[in-house]
Every structure is written in C-alpha cells, then in structure tokens.
Amino acid sequence: MKTRRFEDVSVGEQLPALEIPVTVALITGGAIATRDYFPGHHDKDAAQELGSPHVFMNILTTSGLVERFVEEWSGPEARFKDLKIRLGAPNYPGDTMTFKGEVTALDADSRTAEVTLKGKNSMGNHVTGTVAVTLP
C-alpha cells in the first residue's frame, strides 16, 4: 500500500467508495474488541427488548471503519490528526454501509488534508463527519 504525498492531493478529490457488509460478527466482534459490553451490541434478545430489530453497531466500531476508509486512501504513513463524526441511522446485520468522501481542505503549512465523508446504509447516513490527516 502506497502513502499519498501532500503534493499529489487536491481539494475536490474523491476517495474511492468502500462497501462494508454489516454482519453480526462485525457488530459483536467490534463491541467486544472495544470492551463495550452493552447488551444491544451483542445480544439480539436484549436488543429487541430495547425496541431494536437486531444488534446494532457501536460508535467505536464505526470510528474504526471511518479510519479504515481514510487510511485505505491516504496510506499507512499518513497520521490522523483529528476525527469528528456524528451517528445517524443504525447499522444492523444484513445491510451494507457504503463510504464516500472527498478532500475538502488542504493546509500546506501542516501538510494536512481534511476529508469530509459519509457512510450510508439502506436507511440513510449511518455516519457523517470529517477527518484530518497529515501526509508526508
């Protein structure tokens, strides 16, 4: 995987879309890996008692997927400087979340690119936000 250089990035550049199949394993594994033992993230019966049709993704798993999306574009030598996200529609098993994003700002002094993104599923935007990465 090649790392993007600051000089090769321009405002308006579109990041390649990334489709994430939302599975029970992704949701429960992400919750457990982030030590989030809230029953709605790993117990279908408990989630249904809360009024949810199935287990649902936690914000820490979503954050990790946002980072994956940006890093697949920027490369392994880029450094995350800031991440601001907002959750919307829940992610349930059996759906697909598709990430799209674009470069919306560049700062030559800090060699930072800002990416505005959204991850959308069949119900709407699951996550929206911005990520700033420093590029070599």
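Strands β4 (residues 112-121) and β5 (residues 124-134) pair in the antiparallel sense over ten bridges, where pairing requires at least two DSSP bridges between two strands. The model is predicted, so local features need pLDDT of at least 70 and side-chain atom pairs count only at pLDDT 80 or more, while totals for chains, interfaces and linings use all residues. Residues are numbered from 1 along each chain as its sequence is written, and side-chain values use heavy atoms, with hydrogens and water left out.

**Strands and hairpins**

- Helices (H or I, at least four residues) and strands (E, at least two) are DSSP runs numbered from the N terminus.
- A hairpin of two residues links β4 to β5, and L117 stands opposite G129 in β5.
- D107 has T112 of β4 as its bridge partner.
- Four residues lie between β3 and β4 in their hairpin, and R111 in that turn has a positive phi of about 55°.

**The nonpolar core**

- The largest nonpolar core has 25 residues, of which F69, W73, F99, L117, V133 and L135 touch the most other members.
- Such a core is a set of buried Ala, Val, Leu, Ile, Met, Phe, Trp, Tyr and Cys residues joined through side-chain atoms within 4.5 Å, with buried meaning under 20% relative accessible area (1.4 Å probe, protein chains only).
- Two or more residues each come from β1 (14-21), α3 (59-74), β3, β4 and β5, and α3 gives the largest share, five residues.

**Around F69**

- Leaving aside residues up to four places away in sequence, F69 is in contact (heavy atoms within 4.5 Å) with L15, P16, L18, F99, K100, G101 and L117.

How values were computed: Buried means under 20% relative accessible area, exposed over 50%, partly exposed in between (1.4 Å probe, protein chains only).
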